[in-house]
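Please look over the sequence and the structure shown here before reading on. The text below walks through a few of the residues.

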Amino acid sequence: MPALPSKRAALLALVAASSVGPGVAFAPLSFSGRSSSLTLSATVDPTVVTKKEYQDICGVDFNDATLADRLARTAYLYPKHVEVIEDFAPMVDRMVDEILLETGEKSWQPQDYLPDLSQPDWIEQTKDLRDAAAGVPDDLFVVLIGDMVTEEALPTYQTLLNTFEGCDDPVGTTNSAWARWSRGWTSEENRHGDLLNKYLYLSGKTDMRAIEVTIQHLITSGFNPGARKDPYRGFLYTSFQERATKISHGNVGKLAKVHDAVDLQRICAKIAGDEGRHEKAYQAFCTEILKRDPDGLLAEFGDLMRGQIVMPAELMTDGKDTHLYENFSAVAQRLGVYTALDYADIIEHLVNHWKIGELTGLSSEGEKEQNYICRLPDRYRKLAERSMNKKKDEEIVEQSFSWIFNRKA
């Protein structure tokens, strides 16, 4: 019977068996940045391996202060992707201050665009808002509410950001560039739901309880955009989605102006401006990745587009309408707030912005993805036009929405 190995030898063997690269161990691992079809996992038993022995092997200990370092060395599925984004972290550090607004007096707040109930004329201010809102049709309010519900699911999106490897905030106050970006982005986005929520409440046109139920359901249901913890995929998704929300809020604002709701127009324009800045930031991140790993980013871009972009509110429900998202989307499409053509236009914008067609020095796989991605805008535009032309011939069936006291839109 062979002799039992020492604890240290056993630990060394475990590290070797569990790793796919330097310092990657003690966690479920993938042998490919693009899939997780083959995984290995290992568990450290503290009764067998002491903290000191773990520190000797891995170079980090179990103290709270070094948690971020420990995770960095033991838990990455995409070590190359993490290395790439860390390479331009100094740029991200600057962008936190240059693109994200400062907090406090130097940044706009929801109250800047709402009646001030502490003032003597608060009744007149509120009446003006309600009078203007009265002229906004129900179908536009349905789209506004859907956009607001999407914004209010912010806890889900911050959770998503913290799943992107190398971008997480493991202790809640991590001072890395990526953690600062995540918290700063969240603080800005938080204003959007607050502002729209208060506007809808003051308008008196909506069933706020039904809306609040929808928000709670959406946060409870969660959200999976297919990022797979990969920062490449995460930034590709946010590059697309920030532009989509900019378009949607901007178009709601334009329609509000048509109906003389100038205050609502200003609100939507301000939020769209935030989304536009955030869009530029995430697209800049992808630009930096392309400089360092074009094959890697194109592989994820192509794979993400084959599955199509998951909209963040697709799981919304008010507990009654099982097709609430589809019904809300249909109204948005009819109003031209966000359409299938916008989807195609966003892809075209990203392809042009990143100059995908001009990339050289790619691998054979990279060239295949390049050709596929560059053909996508025309393909989606044809599909969108075909779908929209078909819908023109279909009878519009209005649906009731609990958000507006079961009126139809």
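What follows starts with a set of annotated residues and ends with the cysteines.

The model is predicted. An unreviewed UniProt entry gives the feature "binding site" for Glu 151, Glu 189, His 192 and Glu 275. These positions are spread over 125 residues of sequence, yet they cluster in space, with a largest C-alpha distance of 11.2 Å. Glu 151, Glu 189 and Glu 275 are among the residues that line the largest cavity.

Two of the annotated residues can be followed in more detail. Glu 189 lies in helix 9, which covers residues 177-203, and His 192 is found in helix 9 too. Is Glu 189 buried or exposed? Its relative accessible area is 4%, so Glu 189 counts as buried, the limit being under 20%. His 192 is also buried, because its relative accessibility is 0%.

Setting aside neighbours within four places in sequence, Glu 189 touches Glu 151, Leu 154, Glu 242, Glu 275 and His 278.

The cysteines come last. A disulfide is a covalent bond between the sulfur atoms of two cysteines. How many disulfides does the structure hold? It holds zero. Cys 167 is buried, with a relative accessible area of 4%, and Cys 286 is buried at 0% relative accessibility.

Technical notes. Residues are numbered from 1 along each chain as its sequence is written. This is a predicted model: local features need pLDDT of at least 70, side-chain atom pairs count only at pLDDT 80 or more; totals for chains, interfaces and linings use all residues. Side-chain values use heavy atoms; hydrogens and water are left out. A disulfide is a pair of cysteine sulfur atoms within 2.5 Å. Buried means under 20% relative accessible area, exposed over 50%, partly exposed in between (1.4 Å probe, protein chains only). UniProt positions are given in the numbering used here, feature names are shortened, and annotations may be inferred rather than shown by experiment. On a 1 Å grid over the protein atoms alone, a cavity is a set of points where a 1.4 Å probe fits but cannot get out, and a pocket is an open set with protein on both sides within 12 Å along at least five of seven lines; lining residues have an atom within 4 Å of a point. Helices (H or I, at least four residues) and strands (E, at least two) are DSSP runs, numbered from the N terminus. Contact means heavy atoms within 4.5 Å.
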